[in-house]
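Subject: Structure handover and findings

Dear colleague,

Please find below the structure that I am handing over to you. My findings follow directly after it.

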Amino acid sequence: MIAENVRGTLFGNIAEGLYSAYVSSSAVSNRSAYVVTRRSIKEYFDGIVVAVAAFEGMQGERLIVAQPGEIYYEPELRHMLAKLKNVTVKSLHCLYEKSCGGIIFYKTRQNVKILLVKNNNGRYWSFPKGHIEDGETEQETAIREIKEETGLDVTLVNNFREISESTATYGSICSRHASSAPMTTTCASSKKPKPPSTSCAIKRRWAL
């Protein structure tokens, strides 16, 4: 159901920006859902399923719907769903994912090397990154994920931020990766820093 277009009918305002509704599509009819929005919304509305949630003590899953054009990442959705009384989110699968990381570079007089990482079961080398957690800034996420994946303490380079967006090959999950800043592990050193061993199943290598 994630990424499914639905037609809905509101039947309750739970809190600011959070509603209860019934939604229908080609796959379901009058299914109970929660609606999140930052805009005004009419009683009868068009929406898209941006997440599927399971709650403690409740059977089945509940659809989370937003109006077209609105993007919600997991931390914000969890914050919105926390407004529900006597209900605790057990699991949450989201349409949009946001990761933050950085470009770790090591500069010498001769050249600049970039640190790449790869999961032991992965196919591709990439920059260290990970999902943003509730209450974190992009910079805090980047620093934490880099530490977890490489063991390195890094320094942010100011005034740089790049965003890359990609869609999963199976078409239902859209991943948005934000690289908040390049990182430097050291400067003006004659020895290349070696990432310490960590508990993560991550391979690392320095590349030109």
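Predicted model: local features only at pLDDT ≥ 70, side-chain atom pairs only at ≥ 80, totals over all residues.

Residues are numbered from 1 along each chain as its sequence is written, and side-chain values use heavy atoms, with hydrogens and water left out.

The secondary structure of the protein chain comprises two helices and 13 strands (DSSP runs, numbered from the N terminus: helices are H or I of at least four residues, strands E of at least two). Of its 208 residues, 44% count as buried (under 20% relative accessible area with a 1.4 Å probe, protein chains only; exposed is over 50%, partly exposed in between). Among contacts (heavy atoms within 4.5 Å) with a separation of 6 or more, 62% join residues 24 or more positions apart.

Arg 62 lies in strand S5 (residues 61–66). Arg 62 is buried yet has no salt bridge, and the nearest side chain of opposite charge, Glu 61, is 10 Å away. Here a salt bridge is a side-chain nitrogen of Lys or Arg within 4 Å of a carboxyl oxygen of Asp or Glu; Lys and Arg count as positive, Asp and Glu as negative, and His and the chain ends are not counted. The side chain of Arg 62 does make a polar contact, at 3.3 Å, with the side chain of Tyr 34 (a pair of N or O atoms within 3.5 Å; within protein, one must be able to donate a hydrogen and the other to accept it, and residues adjacent in sequence count only if both atoms are side-chain atoms).

Cys 100, in strand S7 (residues 96–107), counts as buried because its relative accessibility is 0%. Cys 100 and Ile 143 are 43 residues apart in sequence, with 8.9 Å between their C-alpha atoms. Just after H2, Gly 151 takes a positive phi of about 80 degrees.

Yours sincerely
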